[in-house]
Amino acid sequence: MKNLLLLIAIVIGSNTLFASENADDITGIWQNESGKGRVQIFKQNGKYFGRIVWVRDIKDANGQLKVDKKNPDENLRNRPIVGMQMLRDLSYDNGEWSGGKLYNPQDGNEYKCIMKLKDPQTLKVRGYIGFSWIGKTDIWSRVH
């Protein structure tokens, strides 16, 4: 019985220890679930942002660099995908990063965003409209 209580305390303690990660643990380079893109997450003025730093197929069928052609703002449709900021204004609170926006260049839409570390090498990124249960989660893997 004593050993069982000790084991339970260790398991709970280790889960609590990971849940109380440092807010900056999210910074670095992450690869999306499809493996087609990488995003560098960084901190600026107390908020977290992300920019696309690599895409597998950087050129379109005509050999031109891919641009943000689906952006609803016509003035932004010629900006290159690589270098584009796609995450903005995320804040850390109680084990998750939220309150910001995620831009998806594949459909030209911006979504609310929640991110949470599953473990130090795995990031759950959820984009949604309205309520968090109406959305999609992508699993990113740490590159650097």
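**Exercise 1.** Which residues does Thr122 touch, not counting residues up to four places away in sequence?

*Solution.* The structure is a predicted model. Step 1: locate the residue. Thr122 belongs to strand β7, which covers residues 122-128. Step 2: list its partners. Leaving out residues up to four places away in sequence, Thr122 touches Trp30, Lys116, Leu117, Ile139 and Trp140. Step 3: classify its accessibility. The relative accessibility of Thr122 is 15%, and buried means under 20%; therefore Thr122 counts as buried.

**Exercise 2.** Describe the overall arrangement of the protein.

*Solution.* Step 1: count the elements. The protein contains one helix and eight strands. Starting from the N terminus, the elements run α-β-β-β-β-β-β-β-β. Step 3: consider burial. The protein has 144 residues, of which 31% count as buried. Step 4: consider contacts. Among contacts between residues at least 6 apart in sequence, 39% join residues at least 24 apart. Step 5: consider the surface. The protein exposes about 9300 Å², and carbon and sulfur atoms supply 52% of this area.

**Exercise 3.** Which residues make the nonpolar surface patch of about 220 Å²?

*Solution.* Step 1: the patch is made by Ile58, Leu65 and Val82. Step 2: examine one of these residues, Leu65. Leu65 sits in the loop between β3 (47-55) and β4 (85-93). Step 3: the relative accessible area of Leu65 is 46%, so this residue is partly exposed.

**Exercise 4.** Which strand gives the most to the lining of the largest pocket?

*Solution.* The largest pocket holds about 970 Å³ of space. Its lining consists of 37 residues, of which Asn32, Asn104, Pro105, Gln106 and Asp107 lie nearest the centre of the pocket. Step 2: identify the contributing strands. At least two lining residues come from each of β2 (37-44), β3, β5 (96-104), β7 and β8 (135-142). Step 3: select the main contributor. With five residues, β8 gives the most to the lining of the largest pocket.

**Exercise 5.** What is the phi of Asp89, and what is that of Asn94?

*Solution.* Step 1: recall the general rule. Most residues other than glycine have a negative phi. Step 2: consider the strand residue. Asp89 is not a glycine, yet its phi is positive, at about 60°. Asp89 is part of strand β4, and it is partly exposed because its relative accessible area is 27%. Step 3: consider the loop residue. Asn94, also a residue other than glycine, has a positive phi near 50°. Asn94 lies in the loop between β4 and β5. With 71% relative accessibility, Asn94 counts as exposed.

Key
Residues are numbered from 1 along each chain as its sequence is written. This is a predicted model: local features need pLDDT of at least 70, side-chain atom pairs count only at pLDDT 80 or more; totals for chains, interfaces and linings use all residues. Side-chain values use heavy atoms; hydrogens and water are left out. Helices (H or I, at least four residues) and strands (E, at least two) are DSSP runs, numbered from the N terminus. Buried means under 20% relative accessible area, exposed over 50%, partly exposed in between (1.4 Å probe, protein chains only). Contact means heavy atoms within 4.5 Å. Accessible areas come from the Shrake-Rupley method with a 1.4 Å probe; for residues, only the protein chains shown count as cover. Patches are made of residues with over 30% relative accessible area and no salt bridge: like charges are joined within 9 Å, nonpolar side chains (Val, Leu, Ile, Met, Phe, Trp, Tyr) within 5 Å. A salt bridge is a side-chain nitrogen of Lys or Arg within 4 Å of a carboxyl oxygen of Asp or Glu. On a 1 Å grid over the protein atoms alone, a cavity is a set of points where a 1.4 Å probe fits but cannot get out, and a pocket is an open set with protein on both sides within 12 Å along at least five of seven lines; lining residues have an atom within 4 Å of a point. Grid points are joined across faces, edges and corners, and a volume is the space filled by probe spheres set on the points.
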